[in-house]
Amino acid sequence: MPNIIDARGRSCPEPVIMTKNALDSNPNTSLKVLVDTNVAVENIKRFASSKGYNVRVNKNNDEFQIQISK
Amino acid sequence: MSGKRKMFFYGGIIGLIGAILMKLGNPGNMGLCIACFWRDIAGALGLHRAEVVQYIRPEIIGIIFGAFGISYVTGEFKAKGGSSPIVRFILGFFLMIGALVFLGCPLRMILRLANGDLNALIGLAGYVTGIFIGVQFLKKGYTLGRSIEQTNISKYIFPIFALVLLIFLIIKPSFILFSTEGPGSMGAPVIISLILGAVVGVALQRSRICTAGGFRDAILIKDTHFLWGILGIFVFALAGNLVLNFSKFNLGFVDQPIAHNDFIWNFLGMTLVGLCSILLGGCPIRQTILASQGDTDAAITVFGLIIGAAFAHNFGLAASANGVPQNGKIAVIIGILFALSLAYGVISSSKKNSNKEGVKNA
């Protein structure tokens with residue numbers, strides 16, 4: 001079961017920091033990050049991809065689910 | 001086009017427009033300056049009585065319309081807010097004090113550097129120092145809390161504010177003040193300023209360029225994505241100035257337009273700007289763009305900037321070419337101490353609540 005990070009409503013750069021902290025503490029985990037702005041999606045995508053993770057984004061109304069896995 | 005190249009290109013548009021607006025009549029090294037322009041607007045509205053810096057800068061109106069329009073089209077125009085508005089207001093207030101002691105926002109700092117003003121290098125060192133300090137707080141869990149959806153109408157307030165400014169600019173009612181001399185009297189033609197402002201607004205909204213974010217991400221997550229945007233601003237402004245404003249290009253520390261060469265206060269003024277920008281989540285440009293796309297917290301921050309500018313002149317805090325007044329130095333120190341205590345206070349109180357948030361198992 002993947003860990004979930006709820007970064008909805010968090011302003012830049014908090015969603016990325018939350019993602020980074022979770023990946024730093026457990027690099028082989030799968031993560032699901034919830035955000036509600038395009039900017040957060042772009043920033044997390046860029047960050048996780050640069051660390052070699054696979055990133056998938058699902059849009060759900062005004063919210064986004066970002067799946068991050070090795 | 002790769003992400004970095006795109007950033008460089010977007011930044012280039014902004015830098016080039018900075019050089020063009022200076023050529024067309026804006027004050028020296030002030031083709032674009034978010035802090036100075038909001039300060040001029042505060043003066044035009046009569047919130048301060050510094051007669052040389054009162055003008056409703058059309059570039060600001062253009063930037064807001066540009067960012068509003070493009071975010072409306074892309075579906076990013078959304079009412080958000082409720083994340084510590086009063087804290088953001090005060091941080092915006094002190095950010096402006098720091099900017100008016102240095103004499104420019106981070107964007108003007110880059111444009112000043114791109115026309116040879118080396119005092120901006122001292123400012124840049126201070127800015128990065130402030131950002132570095134702010135990042136330490138971010139690493140320790142600094143947050144202003146979640147924003148939530150706001151009532152839909154609230155997203156229109158800021159664009160309507162820009163519309164009202166435009167009406168004032170056009171019909172010039174007697175209660176709106178316009179400088180007849182000094183920097184406030186200098187400006188590119190209104191229509192051109194509006195249009196180029198709108199182009200800048202679109203470029204900033206699409207690129208998400210933030211001068212503070214560029215350095216922050218490089219320090220925090222080793223990501224240089226936004227730094228390429230800042231580099232683009234610098235390179236294109238430099239090229240633009242060498243072609244368009246060559247007679248005004250002056251490499252050095254002395255005799256720079258609307259600037260002083262007091263190293264310590266150039267440094268500390270921008271340290272305050274950098275620190276406040278990180279604690280706010282974005283520099284004055286970014287705040288103005290976010291406010292234009294419905295972020296009411298950013299709009300409150302911009303009102304903090306405006307009121308900060310008013311106080312900076314009413315209380316004699318703002319610097320001039322003659323240097324930094326005593327009151328301005330005291331205000332910068334108070335601002336830095338305030339921002340540090342605030343960030344410390346946020347971290348202490350959020351540690352107590354840390355059990356309620358964070359990673360949960362699904």
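Trainee: Which residue of strand β4 of chain A stands opposite A:V35, and how is such a pairing to be read?

Mentor: Strands (E, at least two residues) and helices (H or I, at least four) are DSSP runs numbered from the N terminus, and two strands count as paired if DSSP finds at least two bridges between them. In this predicted model, A:V35 faces A:F64 in β4(A). The two strands, β2(A) and β4(A) (residues 63-69), are antiparallel and are joined by five bridges.

Trainee: Which strand runs parallel to β2(A), and over how many bridges?

Mentor: Strand β1 of chain A (residues 3-6) does, over four bridges. Within that pairing, A:I5 stands opposite A:V33.

Trainee: What unit do β1(A), helix α1 and β2(A) make, and what is its handedness?

Mentor: A crossover is called right-handed if, with the strands pointing away from the viewer, the path from the first strand over the helix to the second runs clockwise. Here β1(A), α1(A) (residues 14-25) and β2(A) form a right-handed β-α-β unit.

Trainee: Why is β2(A) described as largely enclosed?

Mentor: A residue is buried under 20% relative accessible area, exposed over 50% and partly exposed in between (1.4 Å probe, protein chains only). Four of the five residues of β2(A) (residues 31-35) are buried, so the strand is largely enclosed by the rest of the structure.

Trainee: How many residues does each chain bring to the contact between chains A and B?

Mentor: Contact means heavy atoms within 4.5 Å; by that rule chain B contributes 27 residues and chain A 26 residues. Buried area is the accessible area (1.4 Å probe) that two parts lose on being put together, summed over both. For these chains the value is about 2,200 Å², with 47% of it on carbon and sulfur atoms.

Trainee: How many salt bridges does the rule find across this interface?

Mentor: The rule requires a side-chain nitrogen of Lys or Arg within 4 Å of a carboxyl oxygen of Asp or Glu. It finds four between chain B and chain A. A:D6 and B:R146 meet in a salt bridge through their side chains, at 3.7 Å from N to O. On the chain B side, α9 (211-220), α10 (225-244) and β3 (360-361) each supply at least two of the residues that touch chain A. Of the elements of chain B, α9(B) gives the most to that side, with three residues.

Trainee: Which peptide bond of chain A is cis, and which residues carry a positive phi?

Mentor: Most residues other than glycine have a negative phi, and most peptide bonds are trans. The bond joining A:C12 and A:P13 is cis, with omega about 5 degrees; A:P13 is in the loop between β1 and α1 of chain A. B:L103, not a glycine, has a positive phi of about 80 degrees and is buried, at 6% relative accessible area. B:I258 has a phi near 45 degrees and is partly exposed, at 25% relative accessibility.

Terms used:
Residues numbered from 1 in each chain as written. Chains lettered and ligands numbered in written order. Predicted model: local features only at pLDDT ≥ 70, side-chain atom pairs only at ≥ 80, totals over all residues. Heavy atoms only, no water.
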